[in-house]
Amino acid sequence: MPNLRDLSSVACIVGVDESDEMGTLPHKSQLSLHVEAVTNAVRDAGLKMSDVDGIFTAGQHSPATIGEALGITPRYVDGTTVGGCSFIIMVGHAVAALHHGLCDVAVISHGESGRSQVGVSPRRDTAIPGQYEAPYGFGPAPTMFGLITTRHMHQYGTTLEQWAQVAVSTRKWAALNPKALRREPITVDDVLKARPVVWPFTVLNICLVTDAGGAVVLTRADRARDLAKKPVYVRGLGEGTEHVSLTQMKDLTFSEATRISGDKAFRMAGVGPSDFQHIMLYDAFTSGPPIMLESLGIAKRGEGVRFFEEGRSTPGGSLPINTNGGGLSYTHTGMYGIFPIIEAARQLRGECGARQVPNLRTSLVNGMGGMLSAAGTLVLSNER
Amino acid sequence: MEIDRPLPNPMTPEAKPYWDGLREQKLMLPRCNACGHVFWYPRVACPKCHARDIGWVQSKGRGTLHSFEIGHQSFNKAFKVPVPYVLAMVELAEGPRMLSNLINVEPDPKKLKCDIPVEVVFQKLTDEVTLPLFQPAGR
C-alpha cells in the first residue's frame, strides 16, 4: 500500500529567488520575469541551467514556453493552474516526480505582469462568471472575497478593526524587508479610513498589484546536501479544491480545500497544527489569513484574527506570520503563491537579517487559489 | 431604458429554461429528477447524485440575504449602476445560493444584516434578458 509518509523529506528546496526587479515594470515582458527568476534561483542553488529537466508553471504560460525561453528541453512538465496557490501545489507535484525519477532537478517558475499587463491575455471559459455574476457587478476578487468576509463578521462577530490588524501586522514585517514595496508604518485607523473599494474592504485590506517573477528549485535530498545552500526539506505536502463559484462553497467562513490540504500535509510530516514557529499564508485580503488559520485547525473557528490583534504574528511575537510583508505590503502579482515558498526557504536557511525568525526549524506554507477555492499546504524544515 | 449593466454572456444551452422563465417573471431552478435535489447553477448532471436526468422547478422567489458587500466603484465598464450599490448572495428557500443585487434598500452596512428575508424582483433589460434582483421581503 502506498504510504504518504514515504514522500516526506525525499526532496528539498535548494534554490529560490525573485526576478531582478519587482514593482511597476512596464519595460519587462512576463517571459523576462520568468527567465530572470529562474536564472537567479538556479544560481542560488549552485546548479547550471542545463541541470534543469523538470519545468512547472501556472497561469499565462505553458511549461513548454518556459522551457523554450530558458533554452532547455525538459523531460517532465506540469502546468496545473488552480489559482495563485498552484505553485505551492507544484512543490508537491515536483516532490513526487523527483521521488520517482521522472526528473532530477525541478524548477517552479512564476512571472506575471499583474500591474503593467504586458502581454496579459485572459483565456478561460466565461460561461459561469459572464452569465451569473457579471450582470450584478461581480468581477475581480474583492467583489467575491468580501462576501466571505461579511459572513464571517455575521457569524463570529469579527470586526473591521480586527481585519485591519492583519494589515498592520504584515506592514511591520514589510518594514524589515528591503524588497517590500510598501514599508511605511500604518495604523488600524489608516486601514479603516483608506479609500473604500467594496465594503467591508478599503484599499488597505486588499493586496498590492505588482509585476514580478519568482522561482523555486528542487532536487532529491541526497543531491541537495552537496549544493550551495542549506537544504530545505519538504516534510509534508497537500492540495485540495472545493469550488470555484462562491455559490458552490458549502460554508463561506471555512475553506474545505484548505482543511483537506492541511490535514494531508500535517499527516505526511507527522506534525500537528501547533508545531510551527513560522507561518506563511496567502494574504490577498486581510480576512484571508485568519480564515486559513481556522480552516487549518491552528485557530478555533472565529478566533484566527486573535493571532494578529494580540501581536503573536508580529516581529518579536510568538508565531511570526507573513514575514516578507505578504501580498498586502511586499508584492502581489496576481498569482502570489511562489513568494511565500521563497520566504519560508530563506527563513529556514537563516538568511533574513532584521526579520529573521530565531531558532526556526519548521515552517508552514499555505495558500489559496481563487476564493479559498483551491489550496496547497507545505510543511518545510531545515531538518530531515 | 438604457441598459445599465453587462448582459449575461454567453447564455448557455443548459440554462435556456432559466432564461426563458425569467422572461415570464418566473425564477426557474434546475432540479434532479432522480434524487429531487434543487441546485444552482444549471448543468447537465446532478451535482449531488450525478444523475443525468434534470428537470426544472419554479422557485417561490423567497430566501435570505446570506452575505453582502457595498460596491463603492464599478468593476466593469458596462456596469453603470450608481455607487454605492449592494452586491448580494441570496440563499433561496429551495436551498441553492445565487449572486444578485439587493435593491430598494439604503446601501449602508449599518442598516443591512445577513439572513434578513428577501424576495425576488424581476428587472427586464432587453426582450431576451430579464434578471432576478432581490429586495427586503414584504415591502
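Which strand of chain B does strand 5 of chain A pair with, and in the parallel or antiparallel sense? In this predicted model, the partner is strand 3 of chain B, residues 62–71, and the pairing is antiparallel, running over two bridges. Within that arrangement, Val198(A) sits opposite Gly71(B), a residue of strand 3 of chain B.

Now for the contact as a whole. Chain A puts in 34 residues and chain B puts in 43 residues. Together the two chains bury about 3200 Å², with carbon and sulfur atoms accounting for 61% of it.

The elements of chain A that give two or more residues to the side touching chain B are helix 4 (127–132), helix 5 (142–156) and strand 5 (196–199). Helix 5 of chain A gives the most, with nine residues. Sorted by class, this side of chain A comes out at 19 nonpolar, eleven polar and four charged residues.

Salt bridges are quickly told: the count between chain A and chain B is one. Arg151(A) and Asp115(B) meet through their side chains in a salt bridge, at 2.8 Å from N to O.

Definitions and conventions: Residues are numbered from 1 along each chain as its sequence is written. Chains are lettered from A and ligands numbered from 1 in the order in which they are written. This is a predicted model: local features need pLDDT of at least 70, side-chain atom pairs count only at pLDDT 80 or more; totals for chains, interfaces and linings use all residues. Side-chain values use heavy atoms; hydrogens and water are left out. Contact means heavy atoms within 4.5 Å. Buried area is the accessible area (1.4 Å probe) that two parts lose on being put together, summed over both. A salt bridge is a side-chain nitrogen of Lys or Arg within 4 Å of a carboxyl oxygen of Asp or Glu. Helices (H or I, at least four residues) and strands (E, at least two) are DSSP runs, numbered from the N terminus. Ala, Val, Leu, Ile, Met, Phe, Trp, Tyr, Cys and Pro count as nonpolar, Asp, Glu, Lys and Arg as charged, and the others, Gly among them, as polar. Two strands pair if DSSP finds at least two bridges between them.
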